[in-house]
Amino acid sequence: MGFLKNLENRGFIQQISDPALYDLLEKEHVSCYAGFDPSDSSLHLGHLIPIIGLMHFQQAGHRPIAVVGGATGMIGDPSGRDQERNLLTIDTIRANEIGIRSQLSRFLDFDRPDNPAILVNNFDWTNPFGYLEFLRDVGKHFSVNTMIAKESVKKRLESRDQGISYTEFSYQILQAYDFHHLSKSHGCRVQIGGSDQWGNITAGIDLNHRMGGEQLYGITFPLLMTAAGKKFGKSEGNAVWLDGTRTKPYEFYQYLFQSDDRDVVRFLKIFTLLPDEEIAALAECVAKDPEKREAQRRLAYEVTRMVHGDAGVRAAEGATRILFGAESIRGYDDDTLTAIFSDAPSVDVPRDSLGQGIPLLDLLPMTELCKSKGEARRLVTSGGLYINNDRETRLDKIVTMDDLASPSFLVLRSGKKTYFLVRFTG
RNA sequence: GGGGAGAUACCCAAGAGGUCAAAGGGGGCAGACUGUAAAUCUGUUGGCAGACGCCUUCGAAGGUUCGAUUCCUUCUCUCCCCA
């Protein structure tokens with residue numbers, strides 16, 4: 001099967017600028033770029049789509065170029081935004097670039113002999129431009145008539161109370177110029193991006209054409225929605241970050257593990273590099289034995305390993321076994337518990353108070369589990385409180401030395417998965 | 001500047017002198033059923049006690065009343081219409 005056809009079957013393709021690309025990618029090895037905006041210091045799960053897209057290109061012998069948007073990030077892409085952005089400070093952008101560069105560099109192979117990946121920053125070629133020079137050489141090729149017809153701009157022009165600044169309006173010119181520049185300097189012929197990038201990509205294709213360059217191509221990926229109708233990659237409205245300090249490997253693993261049956265196969269095709277046959281086998285598991293969640297487990301494993309490495313998956317799997325196993329947590333050492341519950345909130349309590357014992361109803365309001373004693377009472381009464389994974393329903397329970405899960409920790413849990421650690425110190 | 005409507009707990013929204021810690025819905029938190037899924041059902045959702053009860057809360061400050069979320073005055077803010 002052809003390379004692009006295969007990507008299409010795996011669910012990567014929303015739009016292709018020209019069907020001639022199918023053939024081109026069979027006959028030649030080309031360079032392909034994707035841009036990443038440094039509006040934050042970490043990429044998130046959604047960014048994995050273009051990243052894996054680049055990985056597919058590299059595996060097929062093409063050359064991937066990852067572009068950090070140090071210049072475009074200073075302007076702000078209006079695409080998909082219904083209001084003007086607040087400009088980030090230069091310091092923030094520079095700091096973010098560093099974070100994003102290091103994340104990107106983990107996914108691509110920079111040492112592959114024939115087609116090593118390249119990581120560049122558009123600031124390097126955009127910054128030296130003088131304003132007049134830029135207007136004459138680049139701006140001249142843009143028709144405002146066309147620019148205002150782009151979806152991202154049009155929406156904002158129609159909105160009476162939002163509008164769009166000249167700065168953001170100019171954004172598409174900068175990104176278009178990136179494509180032209182990469183075509184000239186690295187022979188890049190293809191740009192990939194999210195579906196909201198369509199306008200920016202085609203602007204680049206047009207610009208290159210006007211400036212006498214060769215035919216360029218663009219591919220966009222679909223916006224991923226879950227079967228439940230949520231944006232993929234958001235957990236309670238928060239992004240699932242690739243940065244392990246912002247989203248712990250365990251949470252990352254769990255997010256994927258909890259994929260809906262209706263979504264998991266689609267996600268396997270996009271987020272893993274597993275061969276089609278293997279995914280087909282996993283799809284059968286979902287159909288026959290959905291309760292085993294083989295596909296979810298595999299998805300979580302593959303993606304977590306890609307992002308957090310072997311140690312990261314092992315930690316996530318280990319924590320999963322303890323957290324979702326029903327057996328009580330007893331006789332552990334402090335270090336093991338700290339590692340497993342590294343992302344659980346905790347509170348320190350002086351050890352001496354344990355001497356005469358602490359009434360459970362007094363202990364709970366000291367944690368984030370309950371705001372008041374009344375709430376604690378309701379939680380315990382309803383059977384939603386667990387001490388070291390054992391349900392505790394006695395309102396008059398006194399917590400003592402004997403209840404500790406490790407020399408200094410007590411593990412509290414509210415409901416199915418909200419853990420809280422109490423550490424006895426001193 | 002003139003006229004009108006409104007402000008109630010996390011959100012929406014009822015209440016029009018005591019029976020109001022305040023209906024209903026959403027959301028949240030638990031429980032049951034499950035597969036760490038979806039759906040469904042149940043309980044709960046100001047604080048302290050948990051038996052009666054006590055305390056704080058209905059935009060803010062005053063007032064009338066035995067008693068006010070409900071009536072009066074002033075203030076603050078929001079929305080709508082007209083200039």
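In the side chain of arginine 293, an N or O atom lies 2.7 Å from a phosphate oxygen of RNA strand B. I count this as a polar contact, meaning a pair of N or O atoms within 3.5 Å; within protein, one must be able to donate a hydrogen and the other to accept it, and residues adjacent in sequence count only if both atoms are side-chain atoms.

Before I continue, a word on conventions. This is a predicted model, in which local features need pLDDT of at least 70 and side-chain atom pairs count only at pLDDT 80 or more, while totals for chains, interfaces and linings use all residues. Residues are numbered from 1 along each chain as its sequence is written, chains are lettered from A and ligands numbered from 1 in the order in which they are written, and side-chain values use heavy atoms, with hydrogens and water left out.

Let me stay with arginine 293. This residue is found in the loop between helix 15 (276-288) and helix 16. Helices here are DSSP runs of H or I of at least four residues, and strands are runs of E of at least two, both numbered from the N terminus. Although arginine 293 is not a glycine, its phi is positive, at about 55°. Is arginine 293 buried, partly exposed or exposed? Its relative accessibility is 37%, so arginine 293 counts as partly exposed. The cut-offs are under 20% relative accessible area for buried and over 50% for exposed, with partly exposed in between, using a 1.4 Å probe and protein chains only.

I turn to the rest of the RNA surface. A residue is near the strand if one of its heavy atoms lies within 4 Å of it. There are 25 residues around RNA strand B, and Asp261, Arg293, Thr320, Arg377 and Ser382 come nearest. By class, the surface holds four nonpolar, twelve polar and nine charged residues. In this scheme Ala, Val, Leu, Ile, Met, Phe, Trp, Tyr, Cys and Pro are nonpolar, Asp, Glu, Lys and Arg are charged, and the others, Gly among them, are polar.

Which parts of the RNA face the protein? Of the RNA atoms within 4 Å of the protein, 63% belong to sugar or phosphate and the rest to bases. Serine 382 has a side-chain N or O atom 2.3 Å from a sugar or linking oxygen of RNA strand B.

Next, the sheets. Two strands pair if DSSP finds at least two bridges between them. An open sheet of five strands, with mixed pairing, runs in the order 9-15-14-11-12. Strand 9 and strand 12 stand at its edges with a single partner strand each, so one side of each is left without a neighbour in the sheet. Strand 11 and strand 14 (residues 409-414) run antiparallel and are joined by three bridges. Within strand 14, arginine 413 stands opposite tyrosine 386. The charged end of arginine 413 also sits over the ring of tyrosine 386, 3.9 Å from its centre; the rule requires NZ of Lys or CZ of Arg within 6 Å of the ring centre and within 35 degrees of the ring normal. Asparagine 389 lies in the loop between strand 11 (385-387) and strand 12 (390-391). Its phi is near 75°, a positive value in a residue other than glycine. With 5% relative accessibility, asparagine 389 counts as buried.

A second open sheet has six strands in the order 1-6-5-2-3-4, again with mixed pairing. Strand 1 pairs with strand 6 (residues 217-221) in the antiparallel sense over two bridges, and isoleucine 16 has isoleucine 219 as its bridge partner in strand 6.

Finally, the aromatic rings. Rings of Phe, Tyr and Trp (its six-membered ring) pair if their centres lie within 6.5 Å; planes under 30 degrees apart are stacked, over 60 edge-to-face, and the rest tilted. The count comes to twelve aromatic pairs. One of them, phenylalanine 341 with tyrosine 419, is tilted, at 5.2 Å centre to centre and 45° between the planes. These two residues are 78 residues apart in the chain, and both are buried. Elsewhere, ring pairs link Phe232, Tyr255, Phe267 and Phe271 into a cluster.
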